[in-house]
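Welcome, and please have your viewer ready.

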Amino acid sequence: MTKTWCAGAAVAAALVAGPATAANPIYTGGENGSYYGSFGPLLLDVLKKEFFDYELQTSAGSGENIEQVLANPTAIGMTQTDVLAYMSAQNPVVAQKIAIIRNDVANECLYAVTSEANADRLENWGSVAGYARRLRFALGPEGSGSAQTFKLLQSFDDRLGEASRVSYLDSTDAAIDSVISSQADVAFFVQFPDPSNSRFERLNDAKMAFIPVVDRNILRQRFADDERAYVPLEVKVTSAGLLNWRGVEKIVTACTPLAYITGQPSELPEGTDARLDQEELIKIVRETPLTNLQPSAGWFQSMLDDLVQVSEQGMEKALDAVDKARDSIAE
């Protein structure tokens, strides 16, 4: 009798309370990626301490994360800023509906590699763009952030836009393998500038040449007219201060900030708790100390220590060399 009453009371209480509310998603990337494993948990911790109900969700990467936020303005997404700029250029609604919460936590950098045989002819991005019509490019999956970045680069560079021999493979490592096996001329990818990553060791062991991905057009790109899509940084391509087979330790390449995005508060009904929460969430995350959102792991801290801002004079010299290489190759 008592048990029956208790069970009935529990059901009645549940009916009054209604169904449990699902947590809002934070879209990251693959389960083995840094977005999901290193950055996502730190953001989640900040939000839970302020009693926001969120949970991490895996995804296919930057492009999908943007689409998810467009569909659900209370969702949060992690994305490359340049992919956000590309999708905004394709559809202006993206810039109208999405707010960048912050994009100062970390940078991912653009890398291109070629074989030892092609190293002298493909010395910078100007020569790559100049030869693009005849080059075979290899990238990871077409839906990946790297592939979206390459499409953005093509969209504002007529010479690179002529590249038609672009292969999308199962992974970045598969793209690199295709250059090692002479099935492609250039592999392109985007990743954190962590020279302790085994991929860099593999590239150097295979005598692959790093091509700096930077030119004037790249550095002019913006999201919504004010957020820079790229910053030039000097990054290491070898670990432990060693020189690679070409005597190179560092390159200057374009890097794109990791952006935390959500829907604009105006996408939610005025005067509602949902809109107030959205405004407060954005404010709280923006005011969170930067170190609370950055991994304490050794690889990340070493990476930060190794990053170097490029002087205006040094950057201008590098850009002049890119212009010269591009102009020297007949269209």
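Start by selecting strand E1 (residues 24–27) and strand E2 (residues 54–57), which pair in the parallel sense over 4 bridges. Here, strands pair if DSSP finds at least two bridges between them; strands (E, at least two residues) and helices (H or I, at least four) are DSSP runs, numbered from the N terminus. Before going further, note that this is a predicted model, in which local features need pLDDT of at least 70 and side-chain atom pairs count only at pLDDT 80 or more, while totals for chains, interfaces and linings use all residues. Residues are numbered from 1 along each chain as its sequence is written, and side-chain values use heavy atoms, with hydrogens and water left out.

Zoom in on Pro25, and you will find Glu55 of E2 opposite.

Next, bring in strand E3 (residues 76–80), which runs parallel to E1 and is joined to E1 by 2 bridges. Pick Tyr27 and look across to Gly77, its bridge partner in E3.

On to the helices. Select H3 (residues 62–71) and H4 (residues 81–90), whose axes come within 9 Å and cross at roughly 60°. Axes are lines fitted to C-alpha atoms, for helices over the stretch in contact, and angles run from 0 to 180 degrees between N-to-C directions. That angle makes H3 oblique to H4 (under 35 degrees counts as roughly parallel, over 145 as roughly antiparallel, 65 to 115 as roughly perpendicular and the rest as oblique).

Which residues of H3 and H4 meet? Show Ser62, Gly63, Ile66 and Glu67 in H3 with Val83, Leu84 and Met87 in H4; contact means heavy atoms within 4.5 Å.

From H4, Asp82, Val83 and Tyr86 meet a set of H7 residues including Gln148, Lys151 and Leu152.

For the last stop, select helix H9 (residues 172–180) and helix H10 (residues 198–205), which pack at an angle of about 5° with their axes 12 Å apart. H9 and H10 are therefore roughly parallel to each other. Display Thr172, Asp173, Ile176, Asp177 and Ile180 of H9 against Arg199, Arg202 and Leu203 of H10 to see the contact.
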